[in-house]
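Trainee: Before we start, may I ask about this entry piece by piece? Please give the cut-offs as we go.

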Amino acid sequence: MANATQNRPLSPHLTIYKSLPTMVMSIVHRITGGALYFGTILVAWWLIAAAAGPAYFDFANAVFGSIIGRLVLLGYTWALIHHMIGGLRHLLWDTGRGLDKHVSTKMAWANLISSVVLTILVWAIALIFG
């Protein structure tokens, strides 16, 4: 029996497959979903700080207003928008549309480009009117 397990073929791994836009967007969709858990904890912390009083709220705003805090918020914004657009893409797929190889590849690129553009737009509006 030990010899039978040694002769089994190995399953292909990510190093075997060619990276395709749809595959990369699937992986990024999962990563952004995980990042949203962390970001939502930060949003909850900010809301708790607002309820705790002005001194603690000022501290939380100072943390989010720092360069590192703003980079984290920028990443959270992008993850939120990217995950939302990816979810809309999956919702479209659930209807049976957009499953063609070329269409799904174009949708993957559109997901990436639109998420970056919308994130820049959200931050530009926030900086102008904020």
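Trainee: Which helix gives the largest share of the lining of the largest pocket?
Mentor: A pocket is an open set of points on a 1 Å grid over the protein atoms alone, where a 1.4 Å probe fits, with protein on both sides within 12 Å along at least five of seven lines; lining residues have an atom within 4 Å of a point. Helices are DSSP runs (H or I, at least four residues), numbered from the N terminus. The largest share of the lining, five residues, belongs to H4.

Trainee: What kind of model is this?
Mentor: Residues are numbered from 1 along each chain as its sequence is written, and side-chain values use heavy atoms, without hydrogens or water. Local features need pLDDT of at least 70 and side-chain atom pairs pLDDT 80 or more, while totals for chains, interfaces and linings use all residues, since this is a predicted model.

Trainee: How many charged residues are in the lining of the largest pocket?
Mentor: The lining has 17 residues, with Phe 64, Leu 73, Thr 77, Trp 123 and Ala 126 nearest the pocket centre. Ala, Val, Leu, Ile, Met, Phe, Trp, Tyr, Cys and Pro count as nonpolar, Asp, Glu, Lys and Arg as charged, and the others, Gly among them, as polar. The lining splits into 11 nonpolar, five polar and, as charged residues, one.

Trainee: Which residues does Thr 119 contact, leaving aside neighbours within four places in sequence?
Mentor: Thr 119 is part of helix H5. At 5% relative accessibility Thr 119 is buried (under 20%; exposed is over 50%, partly exposed in between, with a 1.4 Å probe and protein chains only). Contact means heavy atoms within 4.5 Å, and the partners of Thr 119 are Leu 74, Thr 77, Trp 78 and Ile 81.

Trainee: Is Gly 39 buried or exposed?
Mentor: Gly 39 sits in helix H2. Its C-alpha atom is separated by 8.0 Å from that of Leu 73, 34 residues apart along the chain. With a relative accessible area of 4%, Gly 39 is buried.

Trainee: What separates the C-alpha atoms of Leu 91 and Val 122?
Mentor: Leu 91 belongs to helix H4. With a relative accessible area of 53%, Leu 91 is exposed. Leu 91 and Val 122 are 31 residues apart along the chain, and their C-alpha atoms are separated by 24 Å.

Methods: Helix = DSSP H or I, 4+ residues; strand = E, 2+ residues; numbered from the N terminus.
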